[in-house]
Amino acid sequence: MAIYKFPENFTWGAATSGPQTEGWSDKSSFSIYEHWFQTEPEKFHNGVGPAVNCDTYRKYKEDVKLMKEIGLTSFRTSIQWTRLIKNFDTCEVDPVAVEFYNNYINEIIDAGIEPYINLFHFDMPIELQNRGGWESKEVVDLYVKYASKCFELFGDRVKKWCTFNEPIVPAEGGYLYKFMYPNISDFKRAIQVGYNTIVAHAKAVESFRKLKTGGEITIVLNLTPSYPRSEDKKDLEASRIADGIFNRSFLDPVVHGNFPEDVVELLKNNDLLPEYTEEELEVIKNNPIDFLGVNYYQPRRVKAKETEVDPNAPIMPETFFDYYDMPGKRMNPYRGWEIAPQVMYDVAINIRDNYNNIPWYISENGMGVEGEERFRDENGVINDDYRIDFVKEHLTHLHKGIEEGSNCFGYHLWTFIDCWSWANSFKNRYGFVSLDLETGKRTIKKSGRWIREVSETNQFEY
Ligand code: BGP
């Protein structure tokens, strides 16, 4: 047993998003997910959509009380573009939505919790998707208008802003691997989507600084560190390419202000470069983030290509590497993701050594488990010891990285309360607090009691 003590002022929190918790009461319009659910409900686990979710829209006071009760010192959620804005072109706001977000944010602050407010969590308005979504530069500019409106409305109180959650996901889910609307598979278009999102991010950061409301701004990236099958040159090369495409292509522009040369070269050689202007590159260069949010769930294991590439097949990231199914890897069987806590250390050291040791935090990490009801005891509490162990294990490796100088200032679990998980709906539960879908009743899990202790003492034993 050892004691893991964290730096003073380390923040203990949780993350969620508007579309996954609020429910759609009183919304001005729908996002791609709400539209997709209405048109193809069978694509969602048990046909359950985002209509009610946790009903945070009506129950935010109860939720904030619970956040306080489990000792959270910070909390991330997102504003929904489709709730706040009535007219995307003029940026006219819905006063009912402004009131809701004001009340919600004030409630969080009054509870002594620092709000981290994100502006985009996969929820492209369907109207703007129909006008090109992230492929359109016009939509980029409308996003910047919306972001600026949020800074103006809430910037007097919100001091931690986030432009995007996992900007690579709409590119890979919507335009490559077909797990997100509009379910297209076209690498070149995916790259345009990814690039335009970075432009939107940088322009929002620029506007944030011009408005001088104070505070700091970030982007949340889901890092999937690449590991080669072996130290063989070809495996190492495969790993470098995967890392370039999935991690550095976002990390480098937001921290260093430029795109990695090897990725640009690869895109150029394969006729995949997006449409860009010098002016856009300038905005990216001049607007690095203040701090970084890292969602870490799993690594990416790769090897050199073992099969000939069919020259007639459409080009994909996997044209350049193969996935490596590492024998003996630990898995979360419910989500199908590898569990590799030691990667936390590598993330910490990578940021220390290659990204200016920028202040950063774990903005998401967590374990989705199906059928948690079987762990509910006679007092109604879910005994999720596996989640406590999962978090402890990850934190010990993070702790080592911090001891060695990495500038990490916080940890957010995904998520505060069991919430709607896109196509997986409510299949896997992630929260410190459980949600009874039938009644809406909330009950703190064992992990929720545990995190309170950790937050109060700033340490744990393992
Ligand atoms: C992250 C997303 C979250 C959340 C989480 C868990 O990638 O930012 O929105 O959903 O993953 O994943 P899932 O819900 O797919 O199980």
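By class, the lining of the largest pocket in this predicted model divides into 20 nonpolar, twelve polar and eleven charged residues. That pocket has a volume of about 1,100 Å³, and of the 43 residues that line it, Glu 172, Phe 179, Gln 298, Arg 335 and Trp 337 are the closest to its centre. The fold around which the remaining points are arranged includes a closed barrel of eight strands with parallel pairing, in the order 2-3-6-7-8-10-15-17, where neighbouring strands are turned by 25 degrees against each other on average, direction ignored.

- Helix 2 (32-39), helix 8, strand 11 and strand 14 (337-338) are the elements that give two or more residues to the lining of the largest pocket, and the largest share, three residues, comes from helix 8.
- The second largest pocket has a volume of about 570 Å³ and is lined by 29 residues, of which Ile 191, Ser 249, Phe 259, Val 263 and Leu 267 lie nearest its centre.
- Two or more residues of the lining of the second largest pocket come from each of helix 8, helix 9, helix 10, helix 11 (261-269) and helix 12 (278-286), with helix 9 giving the largest share, six residues.
- By class, the lining of the second largest pocket consists of 21 nonpolar, four polar and four charged residues.

**Helix 8**

- Helix 8 (residues 168-175) is mostly covered, since eight of its eight residues are buried; these are Ile 168, Val 169, Pro 170, Ala 171, Glu 172, Gly 173, Gly 174 and Tyr 175.
- The buried residues of helix 8 pack against helix 6 (126-129), helix 9, strand 8 and helix 10 (233-255).

**The barrel and the helices on it**

- Helix 9 (residues 187-211) lies across strand 7 and strand 8 (216-222), and its direction is at about 165 degrees to that of strand 7.
- Helix 13 (residues 343-354) also packs on the sheet, where it touches strand 10 (292-295), strand 15 (360-364) and strand 17 (408-414), and its direction makes about 140 degrees with that of strand 15.

**Strand 11 and its partners**

- In general, the strands of a sheet pair through backbone hydrogen bonds, in either the parallel or the antiparallel sense, and strand 11 has a partner of each kind: strand 9 is parallel to it, whereas strand 12 is antiparallel.
- Strand 9 (residues 226-228) pairs with strand 11 over three bridges, and the bridge partner of Ser 226 is Arg 300 in strand 11.
- Strand 12 (residues 322-323) is joined to strand 11 by two bridges, and Asp 322 in strand 12 is the bridge partner of Lys 303.
- In a regular strand the side chains alternate between the two faces of the sheet.
- In strand 11 (residues 300-303), Arg 300 and Val 302 point one way while Arg 301 and Lys 303 point the other way, and all of them are buried.
- Strand 11 is also one of the elements that give two or more residues to the lining of the largest pocket.

Terms used: Residues numbered from 1 in each chain as written. Predicted model: local features only at pLDDT ≥ 70, side-chain atom pairs only at ≥ 80, totals over all residues. Heavy atoms only, no water. Pairing = 2+ DSSP bridges. Helix = DSSP H or I, 4+ residues; strand = E, 2+ residues; numbered from the N terminus. Axes fitted to C-alpha atoms, helices over the stretch in contact; angles between N-to-C directions. Contact = heavy atoms within 4.5 Å. Buried < 20%, exposed > 50% of the residue type's maximum accessible area, 1.4 Å probe, protein only. 1 Å grid on protein atoms, 1.4 Å probe; cavity = no way out; pocket = protein on both sides within 12 Å on 5 of 7 lines; lining within 4 Å. Points joined across faces, edges and corners; volume = space filled by probe spheres on them. Nonpolar A, V, L, I, M, F, W, Y, C, P; charged D, E, K, R; others polar.
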